Protein chains: 2
Amino acid sequence: MAPVKNGRVIFNEMPTDYPIPGQTTVYDESETIDLENVPLNGGILIKTLVVSIDPYLRRMMIDPKTPSSFPPFSIGQTLINHAVGLVLRSENLAIPKGSHVAGLFPFQEYAVLSGPVSPRVRVVENKENLPWSVFVGVCGMPGQTAHHGWHEYSHSKKGDLVFVTAASGPVGATVVQIAKAEGLRVIASAGSDEKVEFVKSLGADVVFNYKTTKTREVLEKEGLVNIYWDNVGGESLEAALEFAAPKSHFIICGNISGYNTGEPYNVKNLQQLVWREITFHGFLVDSLMPKYREEFLRTFPIRVASGEIKYKEHVVHGLENAGQALLDVMKGGNFGKSVVIVADE
Amino acid sequence: MAPVKNGRVIFNEMPTDYPIPGQTTVYDESETIDLENVPLNGGILIKTLVVSIDPYLRRMMIDPKTPSSFPPFSIGQTLINHAVGLVLRSENLAIPKGSHVAGLFPFQEYAVLSGPVSPRVRVVENKENLPWSVFVGVCGMPGQTAHHGWHEYSHSKKGDLVFVTAASGPVGATVVQIAKAEGLRVIASAGSDEKVEFVKSLGADVVFNYKTTKTREVLEKEGLVNIYWDNVGGESLEAALEFAAPKSHFIICGNISGYNTGEPYNVKNLQQLVWREITFHGFLVDSLMPKYREEFLRTFPIRVASGEIKYKEHVVHGLENAGQALLDVMKGGNFGKSVVIVADE
């Protein structure tokens with residue numbers, strides 16, 4: 001068989017503000033691949049089915065000299081993120097041809113993972129017959145972020161008041177449902193009236209559109225917050241500090257309000273950390289995987305398949321639209337977990 | 001015996017910026033006390049020997065409606081803080097006449113603590129024959145703050161780099177010595193060249209005057225910080241975030257840079273909490289006392305008496321000078337633990 005086109009998305013230029021499709025990232029079709037003969041060197045060849053679009057991809061487009069727990073992209077490299085692929089060929093006995101794998105894969109139609117495959121790549125059995133995209137969403141990294149972070153840091157106890165930001169996103173929506181399953185009262189914010197309706201359908205007690213209602217006015221009515229799930233930083237964090245209960249736990253998961261703009265919103269009342277004895281838990285999900293991943297993978301797909309845990313996806317088709325999908329995620333133009341369907345099986 | 005003058009310091013007016021002696025606080029000599037006949041109602045009569053001047057007293061001079069783990073002063077009330085007194089009379093068998101007690105006492109020459117005495121008042125045996133002022137300093141609340149906070153939150157391990165701010169103050173100086181006793185490398189900042197020399201004498205490896213040297217320039221040279229002891233907030237916190245090691249622990253003990261000025265310095269890089277997986281531990285020492293106080297009281301005075309743990313005091317004589325002493329503490333005009341000697345025995 002002749003070589004086929006192997007389209008990919010390249011990191012082309014460091015953005016100064018929002019990532020611009022065709023400038024920050026470029027879709028490139030110049031590469032081809034000979035699917036039958038490309039050497040695997042003990043590895044596997046995958047056909048990419050779905051790649052995940054997450055806010056932190058923007059963070060990986062920064063000056064590579066910035067110290068960080070995960071390394072930025074280099075100019076010219078193919079983007080990488082959580083993805084699911086179908087194994088077309090395999091020289092690895094543990095990952096047979098025809099199986100599905102989840103892991104960190106390139107934004108490319110086909111990819112060879114040479115040599116011994118990373119322990120982070122896993123075969124997804126999917127006995128529940130869920131859409132493959134779910135394994136980069138509620139049953140993947142964002143679901144794990146919610147689940148692992150909640151269990152490690154919330155210190156939840158009966159009667160706690162919880163406040164979740166970006167609650168229609170895949171992490172926030174899952175946090176809302178975990179907290180409600182524990183019987184806690186949940187306040188949640190989202191960025192449109194439609195998103196607000198969705199978060200209400202997840203069971204959150206008080207949901208508001210932060211673009212039309214001031215966070216501090218909502219919190220002032222609802223009482224002091226024991227657990228704050230922070231996906232956004234900035235003004236939301238400041239309001240949560242103003243209405244934090246003594247000894248509250250702030251789970252600092254993201255800071256999307258500060259990723260793009262040159263001038264982030266500066267929180268003015270950090271002194272509350274002392275007076276109210278607040279803990280800020282900054283975390284990345286990778287660090288919690290050894291402790292929680294196995295239990296998550298065993299139980300979460302079942303809860304999702306049964307409808308107990310709900311999710312919403314924002315589906316984009318074709319790698320050529322990945323750049324726009326990333327911009328939408330940064331601007332809140334998506335509604336639900338953003339995924340790019342690269343190919344059907 | 002005729003009643004005697006019983007001078008005291010009153011909270012007179014809520015300050016908008018620094019606390020002004022004679023305006024924010026007023027020394028008042030209008031009260032008298034009959035030492036022989038004043039009724040004790042089962043309590044004790046003390047002669048105040050020493051009262052402590054601490055930065056958080058300024059925090060207690062805020063709008064009483066502000067939610068807080070400890071209640072603000074009311075206008076017209078006598079200031080209260082950690083102090084040591086000599087028991088002149090007692091109707092409490094556990095606290096005999098002639099003993100010395102430490103606790104939260106009023107800024108007044110004599111005070112009756114009626115009825116059952118608070119469990120927070122304790123008889124100080126002082127077998128080591130230390131000056132009584134030490135029991136509001138290195139062997140009192142500031143020493144406990146350093147000791148308890150370090151043991152609960154530092155997660156210290158071999159090879160850690162520690163950064164301590166306000167390191168010539170009673171908390172900071174004790175933290176420096178605890179960290180050095182564990183064999184760790186310590187960077188410390190202080191507000192004058194004289195203070196820098198003192199902190200060097202405590203064994204800190206790198207000490208700088210933050211008024212003449214930029215914190216970020218020092219940290220840039222020394223490597224990434226694993227444990228940051230924050231007494232000041234603002235620019236120091238921002239610099240520590242810039243040079244924080246992954247999974248570092250920030251012990252948020254005070255925010256003196258933001259207590260007085262209407263416009264606090266706003267930290268710009270909180271997003272590092274996520275990327276470097278930093279924990280901020282905001283705390284007040286009271287919460288840690290049940291766990292650590294007994295061991296501290298048993299061991300710390302011995303370490304101080306032996307000279308292993310050093311301390312420095314800024315001694316002021318007479319309650320009439322307490323207001324100025326507080327202003328000095330807020331402006332860094334003190335050098336060492338600020339105490340007011342109210343009377344000799």
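This is a predicted model: local features need pLDDT of at least 70, side-chain atom pairs count only at pLDDT 80 or more; totals for chains, interfaces and linings use all residues.
On the chain A side, Val274(A), Trp275(A) and Glu277(A) stand out, supplying 24% of the area that chain A buries against chain B, more than any other three residues.

In terms of contacts, 34 residues of chain A touch 34 residues of chain B. As for where the chain A side comes from, α1 (56-59), β14 (244-252), α7 (272-275) and β15 (279-282) of chain A each give at least two residues to it. By class, that side of chain A splits into 18 nonpolar, 11 polar and five charged residues.

One to click on joins the side chains of Asp286(A) and Arg120(A), at 3.3 Å from N to O. Asp286(A) sits in the loop between β15 and α8 of chain A, and Arg120(A) in the loop between β8 (110-113) and β9 (122-123) of chain A, so the pair ties together parts that are 166 residues apart in sequence. As a general point, side chains of opposite charge can pair when their charged atoms come close.

A search of the whole structure gives nine cavities of 30 Å³ or more. The largest cavity holds about 190 Å³ of space. Its lining has 17 residues, and the closest to the centre are His82(A), Ala102(A), Arg122(A), Gln144(A) and Arg293(A). The elements giving two or more residues to that lining are β6 (80-90), β7 (100-106), α2 (141-153) and α8 (289-305) of chain A.

The second largest cavity comes in at about 170 Å³. Here 16 residues make up the lining, with His82(B), Ala102(B), Arg122(B), Gln144(B) and Arg293(B) closest to the centre. In chain B, β6 (80-90), β7 (100-106), α2 (141-153) and α8 (289-305) are the elements that each give two or more residues to this lining.

Here is how the two linings divide by residue class:

| Cavity | Volume | Lining residues by class |
|---|---|---|
| Largest cavity | about 190 Å³ | 10 nonpolar, four polar, three charged residues |
| Second largest cavity | about 170 Å³ | nine nonpolar, four polar, three charged residues |

Notes: Residues are numbered from 1 along each chain as its sequence is written. Chains are lettered from A and ligands numbered from 1 in the order in which they are written. Side-chain values use heavy atoms; hydrogens and water are left out. On a 1 Å grid over the protein atoms alone, a cavity is a set of points where a 1.4 Å probe fits but cannot get out, and a pocket is an open set with protein on both sides within 12 Å along at least five of seven lines; lining residues have an atom within 4 Å of a point. Grid points are joined across faces, edges and corners, and a volume is the space filled by probe spheres set on the points. Helices (H or I, at least four residues) and strands (E, at least two) are DSSP runs, numbered from the N terminus. Ala, Val, Leu, Ile, Met, Phe, Trp, Tyr, Cys and Pro count as nonpolar, Asp, Glu, Lys and Arg as charged, and the others, Gly among them, as polar. Contact means heavy atoms within 4.5 Å. Buried area is the accessible area (1.4 Å probe) that two parts lose on being put together, summed over both. A salt bridge is a side-chain nitrogen of Lys or Arg within 4 Å of a carboxyl oxygen of Asp or Glu.
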